[in-house]
Amino acid sequence: MVKAKKWVVKKYFDGVPKKSDFEIVEYELPSLKDGEILLKTEWISVDPYLRAYNKNLPIPYDQFSFQVGVVQETKNPKYPVGTKVVTHEGWCDYVIVKETQIEIGQFPKGLTYKLPDLQGLSPSLGVGAVGMPGVTAYFGFLELCQPKAGETVVVTGAAGAVGSLVGQIAKIKGCKVIGFAGSDEKCQWLEKELGFDKALNYKKVDAQSALKAAAPQGVDCYFDNVGGELSSVIIGQMNIRGRVAVCGSISAYNDKQLPKATILQPSIVFKELRIEGFIVWRWLGRWSEGFTQLVSWIKSGQLKTAEHTTVGFDKLFDAFIGMLAGENTGKAVVQV
Ligand SMILES: NC(=O)C1=CN([C@@H]2O[C@H](COP(=O)(O)OP(=O)(O)OC[C@H]3O[C@@H](n4cnc5c(N)ncnc54)[C@H](OP(=O)(O)O)[C@@H]3O)[C@@H](O)[C@H]2O)C=CC1
Ligand SMILES: CCCCCCCCC/C=C/C=O
């Protein structure tokens, strides 16, 4: 018998999540049935959607998220002992899973696949640049923004898991890239390490005039990770037939009521903008195509990956709150 631990959400979050909203539960795992594998978790992801989807599930629920685990015992010949596997089983240290048919609905259940061939890169990338955030950046940006060389791209949440990849993919495609992030250190990293043309600290600058100075020719593509007034300012400076990929609105995830922002209709109409929201599971059937391209860019040095690593299963809550507060540069991950 294997003793396992998991984090359970027992109270709906009210504003910023509290540690007392969670409980760590210990339990014994049963023996394996045919087709099943036992995974020991090595890496667990903390992401903004853990906050955003909190009220979509009945409580108590097991905290969902992506994880990378290694097969300890197996009753599935496709998954021998030692195989690295990505699942969406959440904040637990051991778990029994089956290769699943995904059910897409309000919130999909179950997802298990072999870690892509990372060609020697860290397995932690399986929850980051070569995982769900990676394909969010890849498909969300390329499919919805349709960037062309020479165009100007703006990305918010630019120093985070998704944003840092979007900006670099835009550079690979020959675009001029402007990022907004929450500290001078993050902005320096974006310009000096990742090759952004300009990075602006949204907590310090007047976004309207700073963006005008950075993009006097206007904005063609906007990858929106944060929403709110900053997005209204950016959308107000878009060129005719500009494209906006709406990925998230983290600026309001902890708000009890949706905040007000300047209306967008005049820009949308007179600039003929295309604004489209998406959820990354739209491209689930193409994730492996994205993984292959992302690994290739990372291996060739065209795409840099950064991780903010917290060590310890017991520190999952701290890592989650730290990410929401902006402590991470790159992908926030927990090493179990
Ligand atoms: N549509 C989809 O399928 C998906 C959407 N997403 C969305 O993408 C966005 C980025 O996710 P991800 O890259 O994983 O997370 P990040 O790694 O970017 O981490 C979150 C970051 O959000 C920033 N942030 C926090 N509060 C605010 C605020 N009030 N205003 C502006 N920025 C803030 C912080 O950076 P800073 O220091 O810059 O403030 C923090 O580091 C989120 O909105 C998420 O919900 C992610 C995956 C899939
Ligand atoms: C079977 C589980 C798939 C879960 C996919 C999670 C997608 C996250 C979408 C995020 C949206 C906003 O942040």
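Before the first stop, a word on pairing: two strands pair if DSSP finds at least two bridges between them. Helices (H or I, at least four residues) and strands (E, at least two) are DSSP runs, numbered from the N terminus. What you have loaded is a predicted model, where local features need pLDDT of at least 70 and side-chain atom pairs count only at pLDDT 80 or more, while totals for chains, interfaces and linings use all residues. Residues are numbered from 1 along each chain as its sequence is written, and chains are lettered from A and ligands numbered from 1 in the order in which they are written.

**Stop 1: the parallel sheet**

Select residues 176–181, which are strand 10, and then strand 11 beside them: the two run parallel and are joined by 4 bridges. For one such pair, pick Ile-178, whose bridge partner in strand 11 is Lys-198. Now widen the selection to the whole open sheet, 6 strands in the order 11-10-9-12-13-14 with parallel pairing. Its edges are strand 11 (198–201) and strand 14 (274–277), each of which pairs on one side only. On average, neighbouring strands here are turned by 15° against each other, direction ignored; axes are lines fitted to C-alpha atoms, for helices over the stretch in contact, and angles run from 0 to 180 degrees between N-to-C directions.

While you are here, click on Arg-241 in strand 13 (residues 238–246). Phi of Arg-241 is near 60°, a positive value in a residue other than glycine.

**Stop 2: the antiparallel sheet**

Next, select strand 1 (residues 2–9) and strand 2, which run antiparallel and share 8 bridges. Lys-6 has Val-25 of strand 2 as its bridge partner. These strands belong to an open sheet of 3 strands in the order 2-1-4, with antiparallel pairing. Strand 2 (22–29) and strand 4 (61–62) are at the edges with a single partner strand each, so one side of each has no neighbour in the sheet.

Step to Pro-60, in the loop between helix 1 and strand 4. The peptide bond joining Ile-59 and Pro-60 is cis, with omega about -5°.

**Stop 3: two crossing helices**

Show helix 2 (residues 132–145) together with helix 8 (residues 287–299): their axes come within 9 Å and cross at roughly 95°. The two helices are therefore roughly perpendicular to each other (angles of 65 to 115 degrees; under 35 counts as roughly parallel, over 145 as roughly antiparallel and the rest as oblique). To see the contact (C-beta atoms, placed from the backbone, within 7 Å), select Gly-134, Val-135, Tyr-138 and Phe-139 of helix 2 with Trp-287, Gly-290, Gln-293 and Leu-294 of helix 8.

**Stop 4: two domains**

Colour domain 1 (2–127 + 305–335) and domain 2 (132–278) separately; these bounds come from an automatic or database domain assignment. Their C-alpha centres lie 29 Å apart. Across the boundary, 13 residues of domain 1 are in contact with 14 residues of domain 2.

**Stop 5: around ligand 1**

Which residues come nearest to ligand 1? Of the 30 around it, select Gly-160, Val-162, Gly-182, Gly-248 and Gly-326 (near is a C-beta atom, placed from the backbone, within 6 Å). Helix 1 (49–52), helix 2, helix 3 (161–172) and helix 9 (316–324) each supply at least two residues of the shell, and helix 3 gives the most, with 3 residues. Domain 1 and domain 2 each provide at least three residues of this shell.

Definitions and conventions
Two residues are in contact if their C-beta atoms, placed from the backbone, lie within 7 Å.
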